[in-house]
There are 2 protein chains.
Amino acid sequence: MNNYKMTIQYDGGRYKGWQRLGTSDDTIQGKIENVLTELAGETVEIIGSGRTDAGVHALAQIANFKISEGKNESEIMEYLNRYLPQDISVVEVISVPERFHARYNAKDKTYLYKIWNEQYTNPFMRKYSMHVDQKLDITKMETACQYFIGKHDFTAFSNAKSKKKSMVREIYTIDIEENAGFIEIRVQGNGFLYNMVRKMVGTLIEVGLGEIEAESIPGILESKERVQTGRMAYAEGLYLEKVDF
Amino acid sequence: MNNYKMTIQYDGGRYKGWQRLGTSDDTIQGKIENVLTELAGETVEIIGSGRTDAGVHALAQIANFKISEGKNESEIMEYLNRYLPQDISVVEVISVPERFHARYNAKDKTYLYKIWNEQYTNPFMRKYSMHVDQKLDITKMETACQYFIGKHDFTAFSNAKSKKKSMVREIYTIDIEENAGFIEIRVQGNGFLYNMVRKMVGTLIEVGLGEIEAESIPGILESKERVQTGRMAYAEGLYLEKVDF
């Protein structure tokens, strides 16, 4: 089998997330598989580095797929971009050894969260950021970030259903950057639970608004009591930015 | 009468342009006037620095309006942003002398045109730039730009209907910048005819693709024969960026 790795960008706005649900056509994985199956003349399954939730975007999602008959990389890329909708783009396709697996081999991931922190809406970024109209205190948010770094049980910051699997994840870095009206939060870690980044960012926003103290984070982590879903930052501000192998 | 100057950002995607058409509600001017009329309790007319075509965006359109009863600037701004749709934002409202007129006093304007020049579509900018998938030759385009600078009769680069009014406009500067996959063209001048920037950019793209020579621009200007509308760059890449007074 010929194995290919691809890098994908998408505007998740109108999709039910990455993961294919049955035969429905409203997921990113489903859209790409349908086009690849046409190209290869056989059923193709793609393996993503991980799922993104409904509405979440990707700047560089990584996936791999295997097909019986080897094809030229640029031919595959052109075919995909010709038949995929305009909100999904394949920016690179490369041939990789057969053992390469986009999920098992992913070492760490970086998510980017964009907050638009001005009084007025940003007309161009309203679907690509979360609007917070009260000024956020970055210094407090940065203090709070430090409590997330390291290995923790992130039960409190997830909506993961399984109670059997480990909820321990390691966060390597969290950076906050102010950039022309935006506050950009980058979180790098070895893995993320369902809704984890959005609950972390939602909590950081509460810290930035002065609603809770930065110092309350360790207690929330230890409690393992789930942060309310109402406090989750919106999906439209979240981007899977990078996957390292 | 109390006179106010406002700075407006909009995503022109779903509008028929700036200028109100009768009583219809599908123009930027119409949308803002409706909200201001509610606020003031009297019919308010706004004067824009100039029209933008259907689908064209603005980063800083300037307009002024007069109301009988003086109001607090931030109160006006908050009211507007509360009732305007999310694709129109008022980013500043300031009280100005009664003689200030957004159209008559506008000295020059800067338009920005964004071209996405990669093989694949940019999922996030597909409504905010024009996609050109063949590599453009920036050097050739820069050479072509020089021929637009100065005072010229721009009949060839417009769809203006009136044959009585002067078609002479002065272009002060045109800059081309490459920026992470985008080619950004900035045109500053004392005024622009209907569709003029889009026809100029469309022609620059032809130069960049090697379809016509940079040196053919002076001849096109002198001919006063209209560049075909099919060669116009799309509205979605165009932004009114700045108005100077």
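The model is predicted; local features rest on pLDDT of at least 70, side-chain atom pairs count only at pLDDT 80 or more, and totals for chains, interfaces and linings use all residues. Residues are numbered from 1 along each chain as its sequence is written, and chains are lettered from A, with ligands numbered from 1, in the order in which they are written.

A rotation of 180° with 0.0 Å of shift along its axis places chain A on chain B, with an RMSD of 0.0 Å. This is the relation of a two-fold axis. Both copies use the same surface, as 100% of the contact residues of chain A recur in chain B.

The contact draws 16 residues from chain A and 16 residues from chain B. Here, residues are in contact if their C-beta atoms, placed from the backbone, lie within 7 Å. On the side of chain A that touches chain B, two elements give two or more residues: strand S1 (2-10) and strand S4 (88-96) of chain A. S4(A) gives the most, with four residues. Helices (H or I, at least four residues) and strands (E, at least two) are DSSP runs, numbered from the N terminus. By class, this side of chain A holds eight nonpolar, five polar and three charged residues. Ala, Val, Leu, Ile, Met, Phe, Trp, Tyr, Cys and Pro count as nonpolar; Asp, Glu, Lys and Arg count as charged; the others, Gly among them, count as polar.

Within chain B, B:Leu240 lies in strand S10 (residues 238-244). B:Leu240 counts as buried because it has 28 C-beta neighbours inside 10 Å. The cut-off for buried is 20 or more other C-beta atoms within 10 Å, against 12 or fewer for exposed and values in between for partly exposed, with C-beta atoms placed from the backbone. Leaving aside residues up to four places away in sequence, B:Leu240 touches B:Thr52, B:Val56, B:Ala58, B:Leu59, B:Gln61, B:Lys109 and B:Tyr111. B:Arg51 is 189 residues from B:Leu240 along the chain, yet their C-alpha atoms are separated by 9.6 Å.

Helix packing was examined next. In chain B, the axes of H3 (residues 138-146) and H4 (residues 196-208) come within 8 Å and cross at roughly 135°. Axes are lines fitted to C-alpha atoms, for helices over the stretch in contact, and angles run from 0 to 180 degrees between N-to-C directions. H3(B) and H4(B) are therefore oblique to each other. Angles under 35 degrees count as roughly parallel, over 145 as roughly antiparallel, 65 to 115 as roughly perpendicular and the rest as oblique. The crossing of H3(B) and H4(B) is right-handed, a term used if the near helix is turned clockwise from the far one by less than a right angle, anticlockwise being left-handed. From H3(B), B:Lys140, B:Met141, B:Ala144 and B:Cys145 meet B:Leu204, B:Val207 and B:Gly208 of H4(B). This contact has five nonpolar, one polar and one charged residues.

In chain A, the axes of H1 (residues 28-40) and H2 (residues 73-83) come within 10 Å and cross at roughly 125°. H1(A) and H2(A) are thus oblique, and their crossing is right-handed. A:Ile32, A:Val35 and A:Leu39 of H1(A) meet A:Ile76, A:Tyr79, A:Leu80 and A:Tyr83 of H2(A). The contact has seven nonpolar, no polar and no charged residues. In chain B, the axes of H1 (residues 28-40) and H2 (residues 73-83) likewise come within 10 Å and cross at roughly 125°.

Key. Two residues are in contact if their C-beta atoms, placed from the backbone, lie within 7 Å. Copies are superposed by least squares on the C-alpha atoms of residues with pLDDT of at least 70 in both.
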